[in-house]
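Subject: Structure handover

Hello,

Here is the structure for your files. My notes follow below it.

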Amino acid sequence: MRSILILTFSLLLFSCKNETKTETLSNYFTYKENNPVESAGVKMIPIKTPVGEFKVWTKRFGSNPKIKVLLLHGGPAMTHEYMECFETFFQREGFEFYEYDQLGSYYSDQPKDSSLWTTGRFVEEVEQVRKAIGADKNNFYVLGNSWGGILAMEYALKYQNNLKGLLVANMVASAPEYGKYADEVLAKQMKPEILAEIRALEAKKDFNNPRYMELLIPNFYKEHLCRLKEWPDGLNRASKHVNGEVYTLMQGPSEFGISGRLAKWDIKNRLHEITIPTLMIGAKYDTMDPKAMEEQSKLVQNGRYLYCPNGSHLAMWDDQKVFMSGVIQFINDVNDNKL
C-alpha cells in the first residue's frame with residue numbers, strides 16, 4: 001500500500017512539473033496577443049517621438065513573470081548581435097529576456113532627424129519598450145553595456161520606480177573621466193610611435209583614413225575592447241551593422257575616448273539617487289577604469305561590484321564565466337530579496 005501511495009505521489013509530482021514546463025515552453029517566444037502569425041519572438045514595437053512614430057526591433061526569450069531582463073547594447077547605434085551570448089546563459093536559468101535594437105540601429109527604423117539622438121529621448125524609448133513587454137517594478141531588470149550602461153543609469157535616475165534591478169556593464173558615470181583614463185593610462189600603454197601616428201591622424205581629423213583603424217584595431221581594440229584571438233561572430237556582425245552617422249554624432253569617430261554629444265556627460269554626483277539593487281561590472285583591461293566602476297557600486301545606495309580579472313570592455317565574451325556567473329547570481333539574489 002505504501003509503495004502504491006509513493007508511486008501515485010511521484011506520478012502527480014511529475015505531472016505537475018511537466019505541465020509547468022509545457023506551459024512555459026508553449027509561451028517561450030510568444031507575446032500575449034491574438035496574432036495568428038508566429039514570428040519567433042520578434043516584435044517591432046511602435047515608439048512615439050517628438051518627430052513622429054517609428055518602430056524598434058525586439059526579440060523575446062523565455063516566459064518568467066518574476067524576471068524580465070531588457071538588454072541595452074552599446075554604440076550608440078551598434079546592435080543586439082554582440083549580446084547574443086546571453087542567450088545560452090539566460091535560457092539555462094529560465095529568465096525571460098529581450099534582445100533589442102534601439103532606434104537608429106540596424107534592425108530598427110533609422111530616421112534621419114538628428115534631434116532624435118539625445119540621451120533623454122532614448123530614455124523615453126526604453127520606457128515605452130518596458131510598457132510593451134509588460135514589465136514592472138516587480139520583475140523588470142535593465143542590463144546595459146557601454147553606451148547601454150549610460151542609458152541604463154539615465155533610465156534608472158528617471159524611472160527607477162519601474163525597476164527591480166539595474167546592471168551596468170563596463171561604463172563609468174562620467175565621460176570626462178573616461179577620456180582622462182584613455183589619455184593618461186591606456187594611451188601610455190601603447191608604443192610611442194604608434195600613439196604618435198594615431199594622434200597625428202586625429203589632429204587632422206582624418207578618421208576615414210584606413211590607417212586609423214589599422215592602428216586602433218590591433219593596438220587598442222584587441223587589447224581593451226575584446227581580447228579574444230578570434231572575435232565572436234555576433235560582434236563581427238554588430239560591427240558591420242553599426243549606424244556610423246548616429247555613432248559618430250554621439251560617441252565620436254572611435255572608442256578611444258568620447259568626442260561627440262556625450263563628451264561632457266557626467267552623472268557621477270547623482271548616483272546616490274539610485275536606491276534599487278545595482279550591479280556595477282568592471283574589468284582589468286577595460287576602456288573604463290575598473291576602480292571607477294568599483295567606486296560607483298558604493299555611490300549608489302544598494303550596490304554590488306563584479307570584477308572580471310581577465311576581461312576587457314566586452315568581458316561578457318573574454319571573461320565570460322566570471323561575468324555571467326556574477327550577473328546571474330545578482331539577478332537571482334535580487335529576485336530572492338537577498339540584496
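His73 counts as buried because its relative accessibility is 0% (buried means under 20% relative accessible area, with a 1.4 Å probe and protein chains only). This is a predicted model, in which local features need pLDDT of at least 70, side-chain atom pairs count only at pLDDT 80 or more, and totals for chains, interfaces and linings use all residues. Residues are numbered from 1 along each chain as its sequence is written, and side-chain values use heavy atoms, with hydrogens and water left out.

His73 sits in the loop between strand 3 (68-72) and helix 2 (helices are DSSP runs of H or I, at least four residues, and strands of E, at least two, numbered from the N terminus). Leaving aside residues up to four places away in sequence, its contacts include Tyr100, Asp101, Asn145 and Trp147 (contact means heavy atoms within 4.5 Å).

**Helix 2 and helix 12**

Helix 2 (residues 86-93) packs against helix 12 (residues 320-335) at an angle of about 40 degrees, and their axes are 11 Å apart (axes are lines fitted to C-alpha atoms over the stretch in contact, and angles run from 0 to 180 degrees between N-to-C directions).

**Helix 5**

Among the buried residues of helix 5 (residues 175-186) are Tyr178, Tyr181 and Leu186. The buried residues of this helix pack against helix 7 (210-224) and helix 10 (290-299).

Regards

Conventions. Buried means under 20% relative accessible area, exposed over 50%, partly exposed in between (1.4 Å probe, protein chains only).
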